[in-house]
Amino acid sequence: MTYTEASMNTLRQAGDELADAVVANLFERGEVGKFNTLMRYVSTAGAPLPDGLPDIARAYLEATSVPPAWVDWAEMEKARLFFIDNNVHISTALSFASMPACYIVPHVAHLLSATHGLNYPSKRMAETGQFTVYLMQPDAFEAGSRFLPAAQKVRLLHASIRHHLKREGHWDTGTLGTPICQEDMIGGQMFFSLLVLDSLHRLGIHMSTEGAEAYFYAWRVVGAMLGVDQEAAPKTLEHARQFLDLYMIRHMGPSDEGAHLTRQLIDLYEEVVPGTFFDPIVSALIRHLIGDTCADWLQVPRTAWDSVVKVVPSLLGVLETIEDRSPMGAWALDRLGHLTTIFELSSLTRGRVMHYAIPEQLKKDFGVTGAVPRPHRWTPPAPTVTP
């Protein structure tokens, strides 16, 4: 599979036909509020669908109630074990690399600010964290799990955002393409899979090729369930690298909204970190994981901790040695990692369950403000010739 400017441009025009049709029908018939009310009580896979659901919504929920037929369950189990073994590191990568990476793409930063509000980054963080925790449960795809209904609702949420932005004139489709298009959906899948693996490597985490490939595979399954075109999505880490490199070269750059969202993200995590002494480590970790150029675009402050975080891989190496040599130590560290992840998630959600409802109005529900940013094309700097 080879990605080109032409193929990426084609992906910019495509959305998700199935989910888009459902959402358009719900809005046309004035049934969005009714759907949200009924679906609030559908939180586990296999639960009976409530009476009164619009027919098109019921058909969608039934058609998407099971994972793709091609899923390799042995590979998914490897991915789950990889997550258990590295859950704190993965949570760190998601929080301090994947989320800021979204803000490096100006049109994505605009979309996120339009749909979650510049002042409420905790909502997206809580939704993402809860979604990932649901995914990596042993029973994620079985009756009683929370992941499958969450995936169904998130897919409709994305479709509703496309519907609102195009209808209400908050998106220049001629310049930017379809909002939450296939290119951006695949890009998001890469942020939460390949970029996480890159961040683990930067943190000095030892990973087997088998474990890394399984983790990437799990997010391929997630992408399929969220409406990503599997004919276009990368199927190997090699193709994923090609896609992500081209995607970032095409779109990444500075923006006011990206910097503002990053500042809100930093403030949010400084609230989670106990006390104030360790607050600068938040900025330092972001800068360490995404690099100085991107960090400067996002106006991540430089701190005295920038040098300190460089010893993190050595400290993690000591913990990994304990884990490798002691079964009891491995169990204790895995348990500590699980509890840390749950604590972080509970801090973001304030103990609430995120319901992924369809917004009836972006202006009312999310506070859309500001103009669509101009497209920014990043050009790599010319090489410096040293005499």
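Me: What share of the contacts with a separation of 6 or more links residues 24 or more positions apart?

Reply: That share is 79%.

Me: How do I know which parts of a prediction to trust?

Reply: Start with the confidence score, pLDDT. Where it is low, the predicted coordinates should not be read in detail. Here the chain averages a pLDDT of 80, and 75% of the residues score at least 70. Helix 13 has the highest mean among the elements, 96, while helix 19 (residues 327–349) has the lowest, 45. Over residues 328–353 the score is below 50, though in the model this stretch has 38 contacts beyond near neighbours in sequence. Residues 364–387 are also below 50, with 40 such contacts.

Me: Okay, helices next. Which residues of helix 1 are buried?

Reply: The general idea comes first: an α-helix has 3.6 residues a turn, so residues three or four places apart point the same way. Now the case here. In helix 1 (residues 5–12), the buried ones are Met8, Leu11 and Arg12. They sit on the same side of helix 1 because they cover an arc of only 105° around the axis.

Me: And which exposed residues are on the face turned away from that buried side?

Reply: Ala6 and Thr10 are the exposed residues carried there.

Me: Last one: how do I read a pocket?

Reply: Rolling a probe the size of a water molecule over the atoms shows where empty space is left. In this model, the second largest pocket has a volume of about 400 Å³. Its lining has 17 residues, and Leu195, Met248, Met252, Ile290 and Cys294 lie nearest the centre.

Me: Which helix gives the largest share of that lining?

Reply: Helix 13 does, with 5 residues. Helix 11 (194–202), helix 13 (237–251), helix 15 (280–290) and helix 16 (292–297) each supply at least two.

Me: How many of the lining residues are nonpolar, polar and charged?

Reply: There are 11 nonpolar, 2 polar and 4 charged residues in the lining of this pocket.

Definitions and conventions
Residues are numbered from 1 along each chain as its sequence is written. This is a predicted model: local features need pLDDT of at least 70, side-chain atom pairs count only at pLDDT 80 or more; totals for chains, interfaces and linings use all residues. Side-chain values use heavy atoms; hydrogens and water are left out. On a 1 Å grid over the protein atoms alone, a cavity is a set of points where a 1.4 Å probe fits but cannot get out, and a pocket is an open set with protein on both sides within 12 Å along at least five of seven lines; lining residues have an atom within 4 Å of a point. Grid points are joined across faces, edges and corners, and a volume is the space filled by probe spheres set on the points. Helices (H or I, at least four residues) and strands (E, at least two) are DSSP runs, numbered from the N terminus. Ala, Val, Leu, Ile, Met, Phe, Trp, Tyr, Cys and Pro count as nonpolar, Asp, Glu, Lys and Arg as charged, and the others, Gly among them, as polar. pLDDT is the predictor's confidence in each residue, from 0 to 100. Contact means heavy atoms within 4.5 Å. Buried means under 20% relative accessible area, exposed over 50%, partly exposed in between (1.4 Å probe, protein chains only). The arc is that of the directions from the helix axis to the C-beta atoms.
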